[in-house]
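Let us walk through a protein model step by step. Keep the sequence and the 3D view side by side as you read.

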Amino acid sequence: MFHRFPSSWLAAALALLAPGAHAELIDRGNGLIYDTVMNITWMSDFNYAQTSGYSPDDGRMTRDEALEWAAQLVYGGFDDWRLPAANYADTNCSHTTTPISGGPTLHVGYNCIASEMGHLHYVDFGSAAEGEMAHGTNTANLAMFTNIQLMVPEEQNGAYWISGIPYPNNPNFNAAFWSFMGSQGTDFVFARRWAVAVRDGDVPPVPEPGSLALMGLGLGALLTWRARGARRTPAQGSPRQGAATRD
């Protein structure tokens, strides 16, 4: 008798191949981390400019150097990397400021979770206001990343460049995220800060060897089931097929 292969079995098998599918951060392999809430993919190395030898001293760059680094970056088969985006309209922020040179009110300070770096700091890492980004309570998410930079002792600060010129009438300032205390703010464009790359959307996951083996077993079982069904179907036949055989 011909048996229908339960679709629930296949769904269950596929679910096994995608652990953590409902998590906010998913490790896609190859140094790529997908944020399901912000719909962006992070580079897991938070000082890749130094790791790759682009900025070999300590990885810090001026704003223009950081923009150029992200623009020329090709990694994981993608060339559309950028700096994380600021959001100066985020009303979750702890403070506001009005540019002296004119322009809209800017939301700055702590808890700017609508900005990409702020969301990572507070939501994904569980880091605190006035606390280091790398010292959050969500150790599982933090473990997906490497080289998250801490405070520069001699400067008593530490920051990453993020995209945006908050003062339209004063291009000497650029958006920055102060990773040593979780604050969104600004900095002079000629200051030397770190940079991390991010891109919009998800990336295809890189299957692990165990997942590949499981997928092979699942596909093998499915093909065997289909082959058996194909052999049984002609034997059963329909009335019309039976009549054609007798002729």
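Start in a loop. I113 sits between β5 (106–110) and α4 (116–124). Helices here are DSSP runs of H or I with at least four residues, strands are DSSP runs of E with at least two, and both are numbered from the N terminus. The model is predicted, so local features need a pLDDT of at least 70 and side-chain atom pairs count only at pLDDT 80 or more, while totals for chains, interfaces and linings use all residues. Residues are numbered from 1 along each chain as its sequence is written, and side-chain values use heavy atoms, with hydrogens and water left out.

Buried means under 20% relative accessible area, exposed means over 50%, and partly exposed lies in between (1.4 Å probe, protein chains only). Now look at what I113 touches. Leaving aside neighbours within four places in sequence, I113 is in contact with D90, N92, G118, H119, Y122 and V123. Contact means heavy atoms within 4.5 Å. Take D90 from that list. I113 and D90 are 23 residues apart along the chain, yet their C-alpha atoms are separated by 7.6 Å.

Next comes a covalent link. The structure holds 1 disulfide, which is a pair of cysteine sulfur atoms within 2.5 Å. Which residues form it? The partners are C93 and C112, with sulfur atoms 2.0 Å apart. Their link is right-handed, with 140 degrees about the S-S bond. C93 lies in the loop between α3 and β4 (95–97), and C112 in the loop between β5 and α4, so the pair ties together parts that are 19 residues apart in sequence. Both C93 and C112 are buried.

Move on to helix α3, residues 63–72. Which of its residues are buried? They are R63, A66, W69 and A70. These residues cover an arc of only 125 degrees around the axis, which puts them on the same side of α3. The arc is that of the directions from the helix axis to the C-beta atoms. An α-helix has 3.6 residues a turn, so residues three or four places apart point the same way. The buried residues of α3 pack against α2 (48–51), β6 (160–161) and β7 (173–178).

Now find the sheet. It is open, with 4 strands in the order β1-β2-β3-β9, and the pairing is antiparallel. Two strands pair if DSSP finds at least two bridges between them. β1 (25–29) and β9 (198–200) are the edge strands, each pairing on one side only. From one strand to the next, the twist averages 25 degrees. β1 and β2 (residues 32–35) pair over 4 bridges, and G29 stands opposite L32 in β2. Across β1, β2, β3 (40–43) and β9 lies α4, running at about 80 degrees to β3. Axes are lines fitted to C-alpha atoms, for helices over the stretch in contact, and angles run from 0 to 180 degrees between N-to-C directions.

Finally, check the confidence. The chain averages a pLDDT of 82, and 74% of the residues score at least 70. pLDDT is the predictor's confidence in each residue, from 0 to 100. Over residues 1–22 the pLDDT is below 50. Residues 235–247 stay under 50 as well. Where pLDDT is low, the predicted coordinates should not be read in detail.
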